[in-house]
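Q: I would like to go through this structure with you, step by step. Could we look at it together?

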Amino acid sequence: MDHFLEKIPGFLSVIEGCRDTMITNIVLIGEKAAPTFKEGERVKTFVNRLITSGVDECTFDSIQNPIGIIRGKGEKPPILLVAHLDTFVDQIEDFNYTIKKNMISGPGVSDNSVGVGTLASLPQLLRKLNLQFESDILLAGVIQSIGKGNLRGIRHLLKSWSDPVRGAVCIEGVELGRLNYFSEGMIRAEIDCISSLKGEFDRYNHPNAILVINEVINRMLEIRLPKKPRSKVVIGRVSGGVNHGKNAETANIGFEIRSDSDEIVKEIYRDVEDIIENFRHIYHVDLNIKTISNLNAAHLRFNHPLVKSSYRVIRALGLEPVVRSSESELSILLSHQIPAVTLGMTHSAKTDPESNVEIKPLFKGIAQLVGVLMAIDQGVCDEP
Amino acid sequence: MNHDWLANNTFHHSDFVDLSQLLARKREQNLTISLCLPTLNEEKTIAKEIVIMKSELMTRYPLLDEIIVIDSGSEDKTVEVAKYYGARVYYSDQILPGLKRFRGKGENLWKALYITEGDIIIYLDTDIKNIHHRFAYALLGPLLLYERIKFCKAFYDRPLSEGKALRPTGGGRVTELLIRPLFSLFFPELTQIMQPLSGEYAGYREIFEKLSFPIGYGIETSMLLDIFTGWGLDVIAQVDLDRRVHRNQSTKALGKMAFAILHRFINRVTKYGMIDAKTALFKEMIQYNQLNNEYQLDIFEFDETERPPMIDIPEYRRKFDYPENGTAGDVRE
């Protein structure tokens, strides 16, 4: 193990030498609008950049997840690298990124243009580093991942990929130093309240939807949450009404229930359903809950060789690993018994972190990814 | 009027997407190619232009032999950023220091002929927000693949029908309100050029070095007219780059541009003997601003200075091994 750890800091100068290509890939892919379910143009550009980068083969699964393949020299199962292609930016028109001395700016650059651009740059980078692996490396840009996509892309990819996968790394744009190897159980849901023209109420007397939603929130905050398994309810989004002087006819909240235990997540969700049912009758409003996405809790043990190796690689680059849970592709990989971690590639800028990333830390981010790739290729995921 | 030109000499960037083919043609013909980027306060866009061109057209496919930036005295970080990303940067004033100094895009393009080494020179504006390497390789395509073509100009919308709907030709306001009417009056064949004012073009040095360059506005118009009258329409091509996003200029700024272009145009048609102007033209464009209910004069003075063909400059002749005492006329084919 240690002999390749020593090599990793030496990768930095070679990776820095590919700076222009990496930036170009991030920009050209990132400028293609890709809201969830409309990733087509970004898929085309990603594949085009993989081919330009000299990938050995490109293929698609049946829902058009694009996959590049770097052929290995051995017989071992492949290593899967994953970055989601879709972005939270709703815009359908392409956007324009800008480059400054140490920064790339543009919508969705941190989540996840940097991740996808890194994936597209790898064939060339690995050649420049003169590295060849025993395993094939699968470079998967997955579609329909975030929000209502509910990780459909990775779910489908793993369902349709019948052969074993040796190990996997999920690539996220930020933050460099993150090391995720467990996922909490999670249900993401929305509650909609529509109070207009119900029954005998006229438009001036119908219940105010915002106040109804407020009641729901207050009751949700009264739900008792266990400290062990760790559990929480996060109310992350609220909207409602039209203008200052008019009773709100509609209101909506978005929230997540998270826990180390899938059973607790389901229990809390049932409690919220009961609250909804209760207020629906009290206020005579359309009050409904709908699930946007859900994940099962999954984890690698903290002393799994992949986790320990990833720690060492990150530290070899002078970084301190930051461990948190991650509710993303990682969860699906782990629930398929594929040893996997999530790594971040660079830092977001302090101002407008969603739309600005630093360039220089990216070199360490990629060196770290290559180091973990080498660890997997040397067998840290091979033990049962 | 030669109507075949539009069909024969109009291309789409996708026609030249095979960069290995372009590279092979470049090598077969033993050509060198320079990319010139004239700048004035372009810190927001210059880095992306350099990074993408270097990555795709120098590292991956070495079509470009050099990228140079010629700056007119930017007050922002244009020069610092351009150097950081590896372009060779020159201050316009420091090129050919023995000559009188002027400011303007045309001046930069003219001086680029002295600084660059390439047999082909690509000029790209540096305010393009959606820059892509097609902006350069698509301009090179016709020059490398068709022997007859010596100058290639960009346009950004397809001129032809798309299904049943007709798309506009995509010319800007000055093109549609000034240039196209003028071309229709004096040079109908040139109306086939969709965007005569586009700032993206490429051509062989052997042509550029024989043209005189207006130092400011009007360089694109006079260049097109001089190539057309000197070499004919068939050496010119145009290529569709699909879409270009750039800063939008105010109508007032376009008014100044239109004034200068009109000046150049009249100058050219007079020189060609097509009209006989009985009086000299005024050089001031007069506009008004309203401030606190008062009208204030806003006068733009047009500088009609033109640089002579570069081939007439002794320093240039020495650098490129021309006989000491020749002129443009001596080497024109």
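Q: Which strands does helix α3 of chain A lie across?
A: This is a predicted model. In it, helix α3 (residues 40-52) of chain A lies across β1, β2 (66-70) and β6 (137-142) of chain A.

Q: And at what angle does it run to β2(A)?
A: Helix α3 of chain A runs at about 10° to β2(A).

Q: What is the strand order in the sheet of eight strands?
A: The order is β1-β2-β6-β3-β7-β16-β8-β15 (chain A). The sheet is open, and its pairing is mixed.

Q: Which strands stand at the edges?
A: Those are β1 (57-60) and β15 (322-323) of chain A. Each has a single partner strand, so one side of each is left without a neighbour in the sheet.

Q: Take β7 and β16 of chain A: do they run parallel or antiparallel, and how many bridges join them?
A: They run parallel, and six bridges join β7 (residues 167-174) to β16 (residues 340-346).

Q: Which residue in β16(A) does Cys170(A) stand opposite?
A: Cys170(A) has Thr342(A) opposite it.

Q: Is α10(A) mostly covered or mostly uncovered?
A: Mostly covered: of its 18 residues, 17 are buried.

Q: What follows α10(A)?
A: Gly379(A) follows α10(A), and the phi of this glycine is positive, near 110°.

Q: Now the whole chain. How many helices and strands are there in chain A?
A: Chain A has ten helices and 17 strands. Its radius of gyration is 23 Å, close to the 21 Å that the globule rule gives for 384 residues, so chain A is as compact as a globular protein of that length.

Q: What about burial and contacts?
A: In chain A, 50% of the 384 residues count as buried. Of the contacts in chain A with a separation of 6 or more, 79% are between residues 24 or more positions apart.

Q: Last topic: how many residues does each chain give to the contact between A and B?
A: Chain A gives eleven residues and chain B gives 15 residues.

Q: Which element gives the largest share on the side of chain A?
A: That is α2(A), with five residues. The residues on this side of chain A divide into three nonpolar, five polar and three charged.

Definitions and conventions: Residues numbered from 1 in each chain as written. Chains lettered and ligands numbered in written order. Predicted model: local features only at pLDDT ≥ 70, side-chain atom pairs only at ≥ 80, totals over all residues. Pairing = 2+ DSSP bridges. Helix = DSSP H or I, 4+ residues; strand = E, 2+ residues; numbered from the N terminus. Contact = placed C-beta atoms within 7 Å. Axes fitted to C-alpha atoms, helices over the stretch in contact; angles between N-to-C directions. Buried ≥ 20, exposed ≤ 12 C-beta atoms within 10 Å, placed from the backbone. Rg over C-alpha atoms; globule rule 2.2 N^0.38 Å. Nonpolar A, V, L, I, M, F, W, Y, C, P; charged D, E, K, R; others polar.
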